[in-house]
Amino acid sequence: MSSEELEATVFAIFRIGAIFFAVLHFFVGLILFRQITTMKKIITTKAQRYILIVSLIHVILLLIAVLLVIFVPN
Amino acid sequence: MPQIPSNPLAKLAEERGMMGTLDIFPKDVKFQTQNRGERVYIKSRAHPIVNLGWMFNVSILIVLPVIITIVVEALPFDLSIRDYMSDLILLVIGFIYYTLILTIAIYNFIDWYYDFYLVTNQRIINIQFDPLKHHKVSEAQLKNIENVTESVIGIIPNLFNYGKVRVQTAGTEQFVFRSVPEPGWFRDVIMDLSQYIRGDNT
């Protein structure tokens, strides 16, 4: 195996790991957002809307991370 | 309708309540199982100082890449990661790293924020929220409360005046309110309200 092939293999493994992590992380963000909406039904406070907005921004950022990991060139 | 017995500490607690951790007669709180005519007297959650641990960890994680970069550049030999990865890939790694820190911060914040202790004119409610795992809502009628114990253990809880309040009900059930601000006042109010509901004014 040439050094270029070795480098490509390492990058491929690295990318698969990164995609797996980013997708998992995205689902964690989604679960947190879902749980916050559930808690909103259980108890309502004034600050909740801000927490929801921050959580939504967080989920969007995680989605961007997934897309970046998939589409960024080597 | 029973009222909170007049207590000189009530005003003090109101003034000391930080970030809504101890609200007396909160106007903005409604909960799912609230009965008609049920009024929230106290809304409380753990003292904000309990967040110091994770906030410190997150602060360290935020500055860690900067520290590593400074250390690597100060080394006498060349150890530049740019030889192996493009700037774009480094940017993506940095982006994922900081979103991970944001996740940790949000996780810990909502873990603290959604642990509510409510005292109404009918009952006490303990809402425990564990992000990614579960949420638990337990309640006890004020008339069934038999014994309330407070404990403030440790240097920091003594310094900031927060501690554990245990509420023993007529059954075997025991409520534990952790890191409650002003635990002495909290215990006193719960016991006074319980006696008031039972009509025991001795």
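Predicted model: local features only at pLDDT ≥ 70, side-chain atom pairs only at ≥ 80, totals over all residues.
**Figure 1. The side of chain A that touches chain B.** Across the two chains, 25 residues of chain A are in contact with 26 residues of chain B. On the chain A side, the elements that give two or more residues are α1, β1 (43-44) and α2 (48-71), and among these α1(A) gives the most, with eleven residues. Sorted by class, this side of chain A has 16 nonpolar residues, together with seven polar and two charged ones.

**Figure 2. The overall form of chain A.** Chain A has two helices and one strand, and from the N terminus on these elements follow the order α-β-α. Chain A is more spread out than a compact globule, because its radius of gyration of 18 Å is well over the 11 Å that the globule rule gives for 74 residues. The C-alpha trace of chain A spans about 60 × 15 × 10 Å along its principal axes, and 19% of the 74 residues of the chain count as buried.

**Figure 3. A:Ser2, in the segment before α1 of chain A.** A:Ser2 is found in the segment before α1 (3-42) of chain A. Is this residue buried or exposed? A:Ser2 is exposed, because it has 7 other C-beta atoms within 10 Å, and a residue counts as exposed when that number is 12 or fewer. From A:Ser2 to A:Val28 the separation is 26 residues in sequence and 39 Å in space, taken from C-alpha to C-alpha.

Figure 4. Five strands of chain B form an open sheet in the order β1-β3-β4-β5-β6, with antiparallel pairing. At the edges of this sheet are β1 (22-24) and β6 (134-141) of chain B, each of which pairs on one side only, and from one strand to the next the twist averages 15°. Within the sheet, strand β3 (residues 40-44) and strand β4 (residues 116-120) of chain B run antiparallel and are joined by four bridges; B:Lys43, for one, has B:Leu118 in β4(B) as its bridge partner. Helix α5 of chain B, residues 183-198, lies across β3, β4 and β5 (123-130) of chain B and runs at about 35° to β4(B).

**Figure 5. The largest nonpolar core and a second, separate one.** In soluble globular proteins, nonpolar side chains tend to be buried together. The largest nonpolar core of this model has 34 residues, and those that touch the most other members are B:Tyr114, B:Leu118, B:Val119, B:Ile124, B:Val167, B:Val189 and B:Ile190. Helix α5(B) supplies the largest share of this core, five residues. Which residues does B:Val119 touch, not counting residues up to four places away in sequence? B:Val119 touches B:Tyr41, B:Ile42, B:Ile124, B:Val189, B:Ile190 and B:Leu193.

Definitions and conventions
Residues numbered from 1 in each chain as written. Chains lettered and ligands numbered in written order. Rg over C-alpha atoms; globule rule 2.2 N^0.38 Å. Buried ≥ 20, exposed ≤ 12 C-beta atoms within 10 Å, placed from the backbone. Pairing = 2+ DSSP bridges. Axes fitted to C-alpha atoms, helices over the stretch in contact; angles between N-to-C directions. Contact = placed C-beta atoms within 7 Å. Core = buried A, V, L, I, M, F, W, Y, C linked by C-beta atoms within 7 Å. Nonpolar A, V, L, I, M, F, W, Y, C, P; charged D, E, K, R; others polar.
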